[in-house]
Amino acid sequence: MTAGFYNNEPSARADSEVRELQAEIPVDLAGMRLDVALARVFDGYSRNQLTQWLKQGALTVDGGQPRPRDAVRGGERARLRIPDTPASEAQPEAIALDVVHADAAILVINKPAGLVVHPAAGHREGTLVNALLHHAPELAALPRAGIVHRLDKDTTGLLVVARTPAAQTALVRQLQQRSMHREYLALVQGVLISGGALEAPIGRHPVDRKRMAVVAGGKPAVTHYRVRHRLRAHTLVEVRLDTGRTHQIRVHMAQVGHPVVGDPVYGGRPRPVRDMEPAAARALAAFRRQALHAAVLGLRHPDTGAECRFEAPLPADFQTLLDALVADATRAGGA
């Protein structure tokens with residue numbers, strides 16, 4: 001079950017000092033740890049961040065501050081007042097950005113492969129946050145520099161950045177209500193006969209904490225996919241997300257035996273087919289990242305309410321690989 005099915009109606013208010021979200025904890029989460037339940041309800045934020053806000057008093061439950069480990073009974077009202085504090089101590093850096101759209105409320109960025117979104121251990125510099133702070137210095141006043149969703153380091157494509165507190169709250173609410181449209185192109189291993197929907201909870205791998213996995217008790221995750229192009233041993237699929245869990249597409253596709261091509265964590269080595277064209281085999285062997293691209297982003301503009309749609313073409317390395325595999329399939333009579 002996803003937060004979208006909880007029949008919650010989170011409310012949001014934004015001004016120069018505070019952004020506020022409210023929601024009711026569903027009765028079907030009764031008995032669950034509070035911090036886990038809150039992460040289900042306010043799933044635009046991490047469990048750790050919500051726990052910090054709970055301890056700081058920015059997040060209350062029925063007006064109080066219960067412990068993160070306390071069990072919920074269901075029906076409690078959670079109120080989140082997001083502090084208007086700087087995103088981080090990251091420094092501005094003159095890193096080139098492919099800005100697809102810019103106005104007073106939002107930026108839409110076409111992220112290249114290899115660019116980490118948020119500073120973290122091992123990546124304190126050279127991130128999207130550093131680039132954004134140079135491009136739009138006012139983002140230093142916003143949590144996470146206005147970023148409301150992220151892409152993995154080697155996933156390419158579109159993401160939206162809020163430029164004001166009001167815009168950030170509105171965009172987070174769209175994510176919560178599943179009204180933000182995100183469509184990806186993924187090249188996966190194996191030949192898929194038809195599309196479908198994958199619904200399986202995702203959480204930390206029980207052994208390797210750097211990986212995600214389909215696990216009981218994980219966060220609900222729903223992935224829709226349909227076939228765009230069948231090749232000899234691969235399929236190009238269009239993927240639409242109802243939820244935005246860490247590594248969601250990569251985990252779900254691997255779970256059903258069709259991992260994303262080039263995925264170093266969930267996919268293993270690329271597998272060329274017998275008698276594959278040398279150019280295709282070389283392109284496949286040379287592709288050392290996941291073949292995953294955020295191609296379409298749809299949202300309601302936080303200021304005007306207008307429906308907006310943005311598109312980004314496949315990056316050159318992905319297109320080169322796809323062209324080589326299509327040529328190989330055509331020669332073999334399979335495309």
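Okay, let's start with the aromatic rings: the count here comes to 1 aromatic pair. And keep in mind that we're looking at a predicted model. Which two residues form that aromatic pair? They're Phe-287 and Phe-318, sitting edge-to-face, with 6.2 Å centre to centre and 65 degrees between the planes. It's edge-to-face because 65 degrees between the planes falls on the over 60 side of the cut-off.

Now, where along the chain are they? Phe-287 is in the loop between α6 (278–286) and β14 (292–300), while Phe-318 belongs to helix α7, residues 316–331. So you've got a pair linking distant parts of the chain, 31 residues apart. Buried or exposed, then, for Phe-287? Phe-287 is buried, at a relative accessible area of 5%. Phe-318 is buried as well, with 0% relative accessibility.

Look at α1, residues 34–41, and α2, residues 47–56: their axes come within 9 Å and cross at roughly 115 degrees. That makes α1 roughly perpendicular to α2, and the crossing is right-handed.

Who's making the contact? On the α1 side you'll find Leu-34, Asp-35, Val-36, Leu-38 and Ala-39. On the α2 side, we have Arg-47, Leu-50, Thr-51 and Leu-54. What kinds of residues are in this contact of α1 with α2? They split into 6 nonpolar, 1 polar and 2 charged.

Definitions and conventions: Residues numbered from 1 in each chain as written. Predicted model: local features only at pLDDT ≥ 70, side-chain atom pairs only at ≥ 80, totals over all residues. Heavy atoms only, no water. Phe/Tyr/Trp six-rings, centres within 6.5 Å; stacked < 30°, edge-to-face > 60°. Helix = DSSP H or I, 4+ residues; strand = E, 2+ residues; numbered from the N terminus. Buried < 20%, exposed > 50% of the residue type's maximum accessible area, 1.4 Å probe, protein only. Axes fitted to C-alpha atoms, helices over the stretch in contact; angles between N-to-C directions. Parallel < 35°, antiparallel > 145°, perpendicular 65-115°, else oblique. Left-handed = near helix turned anticlockwise from the far one by under 90°. Contact = heavy atoms within 4.5 Å. Nonpolar A, V, L, I, M, F, W, Y, C, P; charged D, E, K, R; others polar.
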